[in-house]
Amino acid sequence: MAAQSPVRRSAPADAARLAAAFFVVLIHSSGTEGAGILWNALSRFGVPVFVILSGYFTLDRPRGARELLRRSARLLAIMLCWSVIYYAWLLASGTREWEGARVMLRYFVTEPVHMWYIYTTVFLYALTPLLGVFCGHASRRQYEYALLLCFGLGGVYELLHAYALSPTLMLIAENAHILRGAGFLFFYLLGGYFRRYELSRRAALALYILAALGLACTMAGAAATSRGGLDERFLSYTTPFVMLTAAGFTLFCLRRRLPPSARLSAAARCTLGVYLLHPMLILIPQHLGIWEPAVLPLWLAVPLRALGVYAVTLAISLLLSRVPAVGRLVA
């Protein structure tokens, strides 16, 4: 069954954004050892949720190249502004030394590393006019075939490649020059699919079960392979386990019936600020030597520190969003 006409805001999608933003903060607050690895594994689906929601709203109707170029330019400008802020703080704190204008410019376009998501979004925006044609004319079976193909190329291939589980299959894939980035294309198209089609209760339940199993496999795999230090092969955003968890979590949120809320909407608009600002609130305590817990066990300290960073960055973003011009950097 086709979805209804689009709306400007969606309370369930706003709730999903806020939840996903917290899990992104939790990833960067978890560290690389002990219980932190499990919290890291539990949170990995957070970033893909944002990509799914991008597809949910961007693939709902045809988009012109001018609109998408404007969006991309705005995101890149925001990224550059925050890169300048991070670079200035690193110099002021003594964490980094001045290495010349060339190194500085390279930093602006390649770091901080968590801003890779901006480039991913711009790339997906560039594909949107073509994907829009597909979404507008494909049958449901054709759409599901595209999702299955992207899931296989992006998810199953990623896992096989990371662990060299089938050298012969990997050699065939490399000779065919298969694109490993198809996993993010899967997330983006899945958002459009959720917008366009209504899943039956049985299909939704099956996806929820697969999502729970995917989360369990991610955590178990990370625990088993990270005994000598963090091993990120099970933590990739495009492993089939993380992909299933992100899909199930997003669908669960979108199927909730939540009344429109101006406060929820305002907070959700500021998740961009949370994403861009939270590493700063992690770096500063680390620089001051007050990051590691002195009393609390790690399994409790990690989510509490993430909750604190999340709450503070969201509050700062909400305040900045009300300031003319500056608000564009966070909302």
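Is arginine 63 buried or exposed? Arginine 63 counts as buried, because its relative accessibility is 11% and the cut-off for buried is under 20%. The model described here is predicted.

**Salt bridges around arginine 63**
- The side chain of arginine 63 forms a salt bridge with that of glutamate 67, at 2.9 Å from N to O.
- Glutamate 67 is also buried, with a relative accessible area of 18%.
- A network of salt bridges links Asp60, Arg63, Glu67 and Arg71.

- Arginine 140 and glutamate 144 meet through their side chains in a salt bridge of 3.3 Å, N to O.
- Both residues lie in helix α7 (residues 140-163), 4 residues apart, which is about one turn of the helix.
- Arginine 140 is partly exposed at 26% relative accessible area, and glutamate 144 is partly exposed at 35%.

**A salt bridge between two loops**
- The side chains of arginine 255 and glutamate 198 form a salt bridge of 3.4 Å, N to O.
- Arginine 255 sits in the loop between α11 and α12, and glutamate 198 in the loop between α9 and α10, so the pair ties together parts 57 residues apart in sequence.

**Helices α1 and α3**
- The axes of α1 (residues 11-29) and α3 (residues 46-58) come within 8 Å and cross at roughly 155°, so α1 is roughly antiparallel to α3.
- The crossing of α1 past α3 is left-handed.
- Residues in contact include Ala13, Phe23 and Val24 in α1, and Val47, Phe50 and Leu53 in α3.
- The residues of this contact divide into 11 nonpolar, 1 polar and 1 charged.

Methods. Residues are numbered from 1 along each chain as its sequence is written. This is a predicted model: local features need pLDDT of at least 70, side-chain atom pairs count only at pLDDT 80 or more; totals for chains, interfaces and linings use all residues. Side-chain values use heavy atoms; hydrogens and water are left out. Axes are lines fitted to C-alpha atoms, for helices over the stretch in contact, and angles run from 0 to 180 degrees between N-to-C directions. Angles under 35 degrees count as roughly parallel, over 145 as roughly antiparallel, 65 to 115 as roughly perpendicular and the rest as oblique. A crossing is left-handed if the near helix is turned anticlockwise from the far one by less than a right angle, and right-handed if clockwise. Contact means heavy atoms within 4.5 Å. Ala, Val, Leu, Ile, Met, Phe, Trp, Tyr, Cys and Pro count as nonpolar, Asp, Glu, Lys and Arg as charged, and the others, Gly among them, as polar. A salt bridge is a side-chain nitrogen of Lys or Arg within 4 Å of a carboxyl oxygen of Asp or Glu. Buried means under 20% relative accessible area, exposed over 50%, partly exposed in between (1.4 Å probe, protein chains only).
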